Amino acid sequence: MATETLRPNAAGDETSINTQYPSSGEHWDKVDEETADNDTTKVYNWQVTSYQRDLYNLPASSGSGTINFIRIYFKVKSYGAIGYAKPSLKSNSTVTDGTEVSPSPLNTWITYSQQWNTNPADGQAWEWADIDALQIGVSLKAGGTSSDAAQCTQVYVEVDYTPAITEKSSSDSGSGADAVDSLETPEAKSSSDAGSGAEGTPIQSAILASSEAGFSIEALTSRLLAAVDTGGGVEASSVETEGPLKSLFATELGEGSDSLTAKIEMPIKGGGMKLWT
Amino acid sequence: MPQHSEDNILAGRTAVDAYRTAHTQMHSKPWHKGIPQEHTPLLNILLDGLKEQDFNSLDEFFDASEELNVKELGFTDRRDFERRATDEDREALEEMWR
């Protein structure tokens, strides 16, 4: 089994959610982060008690083999009054909304996920061509028309698949390394490619140096902008895979059941506590 | 909920604004494969800054910031706001920092 994670990289065929924050940029760039940034960037249905949907395009897949299922993750919260959300996808011109959830309690970010074992557009098993044409997104409905909103900060899809195994031909005189190589997952290959971006929780050691004393907005701003200028530290050779965010903002749910799942993050002083429902 | 000073909250807001500026700058470049991962070190810097203001998470900061907003509108806390706020108050809240 292997998993490929795909995150929004452009607007899809529908951008109906009425609000994004900050207001600059595009909706997809508010929900594309690997580690959810919660209220700092988000899209939301503000004060409208009917569903509004966004769909986002995805980068090309790199996996191969047999697709077992796809699972869409979406991190949402209710503000003002309990709102509603659904994962959405578009495949072969067919738009499908998943099961409705009601993020509760108020003002608490919760990651939900829903799995599709087959392509709802045709009822057949997923194929890689389907994945390459797939759009994912979220539908949001506010719980009221006062100061109420249903908000989303992160959407992504995981493609679970069984990698193809290359049969060695009788004329192949190799030592067997080729066969081993063919079993290597795309993730394992990409993690050794400079600049490909590891799928862990990248943290640039230099940026995270904690020896700086005191708080200076100017220094913090400089560090942030410098991190952008240097590419954010995603070079595979310069990242660590463990860090404080790993526990505070872990978003991986692992292989779950077919049913809708949710995770509530309730950080407390001194650490992060996660309750699973 | 822990009490935070107004100075800490204002400093935290500045830190979040800096993150948003960096976020906008990052997305002003053409899309490339590593962009989702490039958010993480920026977020770590922001969290470092918030921790120095005694906020242990983004959510703790945003909750405190919201409480400051409703206090500035003349309410004791969010619950009081929900109970007594007029449409005008709600519009005013929407215009405040968030």
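This is a predicted model: local features need pLDDT of at least 70, side-chain atom pairs count only at pLDDT 80 or more; totals for chains, interfaces and linings use all residues.
In general, strands of a sheet pair through backbone hydrogen bonds, and the pairing is either parallel or antiparallel.

Strand β7 (residues 84-91) of chain A is largely enclosed by the rest of the structure, because seven of its eight residues are buried. With strand β10 (residues 135-141) of chain A, β7(A) forms an antiparallel pairing over seven bridges. One point to look for is A:Ser88, which stands opposite A:Gly137 in β10(A).

β7(A) also pairs with β8(A), in the antiparallel sense and over four bridges. Here A:Lys90 has A:Val95 in β8(A) as its bridge partner. The hairpin of β7(A) and β8(A) has two residues between the strands, and A:Asn92 in this hairpin takes a positive phi near 50°.

## Backbone exceptions in the loops

Most residues other than glycine have a negative phi, and most peptide bonds are trans. Several places in chain A are worth checking against this rule. A:Ser93 is not a glycine, yet has a positive phi of about 70°. A:Ser93 is found in the loop between β7 and β8 of chain A. Is A:Ser93 buried or exposed? A:Ser93 has 8 C-beta neighbours inside 10 Å and therefore counts as exposed. A:Gln47, also not a glycine, has a positive phi of about 70°. The loop between β4 and β5 of chain A holds A:Gln47. With 18 C-beta neighbours inside 10 Å, A:Gln47 counts as partly exposed.

Two cis peptide bonds can be described as well. A cis bond joins A:Tyr21 to A:Pro22, with omega about -5°. A:Pro22 lies in the loop between β3 (19-21) and β4 (42-46) of chain A. A cis bond also joins A:Ser104 to A:Pro105, with omega about 5°. A:Pro105 is in the loop between β8 and β9 (110-116) of chain A.

## A buried lysine

Where in chain A is A:Lys77 placed? A:Lys77 sits in strand β6 (residues 66-79) of chain A. A:Lys77 has 25 C-beta neighbours inside 10 Å, so A:Lys77 counts as buried; the cut-off is 20 or more.

Leaving aside neighbours within four places in sequence, A:Lys77 is in contact with A:Pro103, A:Asn107, A:Thr108, A:Trp109, A:Ile110 and A:Gln151. The C-alpha atoms of A:Lys77 and A:Glu100 are separated by 13 Å, and these residues are 23 apart along the chain.

## Chain B as a whole

Chain B has five helices and zero strands. Along the sequence the pattern is α-α-α-α-α. The C-alpha atoms of chain B fill a box of roughly 50 × 30 × 15 Å, taken along the principal axes. The radius of gyration of chain B is 16 Å, whereas a compact globule of 98 residues would have one near 13 Å.

Of the 98 residues in chain B, 43% are buried. Among contacts in chain B between residues at least 6 apart in sequence, 57% join residues at least 24 apart.

## Two crossing helices in chain B

Two packed helices are described by the angle between their axes and the distance between the axes. For helix α1 (residues 6-27) and helix α3 (residues 58-72) of chain B, the axes come within 10 Å and cross at roughly 115°. The crossing of α1(B) past α3(B) is left-handed.

Which residues of the two helices meet? From α1(B) they are B:Glu6, B:Ile9, B:Gly12 and B:Arg13, and from α3(B) they are B:Phe61, B:Ala64, B:Ser65 and B:Leu68. The residues of this contact divide into four nonpolar, two polar and two charged.

Technical notes: Residues are numbered from 1 along each chain as its sequence is written. Chains are lettered from A and ligands numbered from 1 in the order in which they are written. The radius of gyration is taken over C-alpha atoms; the globule rule is 2.2 Å times the number of residues to the power 0.38. A residue is buried if 20 or more other C-beta atoms lie within 10 Å of its own, exposed if 12 or fewer, and partly exposed in between; C-beta atoms are placed from the backbone. Two residues are in contact if their C-beta atoms, placed from the backbone, lie within 7 Å. Two strands pair if DSSP finds at least two bridges between them. Axes are lines fitted to C-alpha atoms, for helices over the stretch in contact, and angles run from 0 to 180 degrees between N-to-C directions. A crossing is left-handed if the near helix is turned anticlockwise from the far one by less than a right angle, and right-handed if clockwise. Ala, Val, Leu, Ile, Met, Phe, Trp, Tyr, Cys and Pro count as nonpolar, Asp, Glu, Lys and Arg as charged, and the others, Gly among them, as polar.
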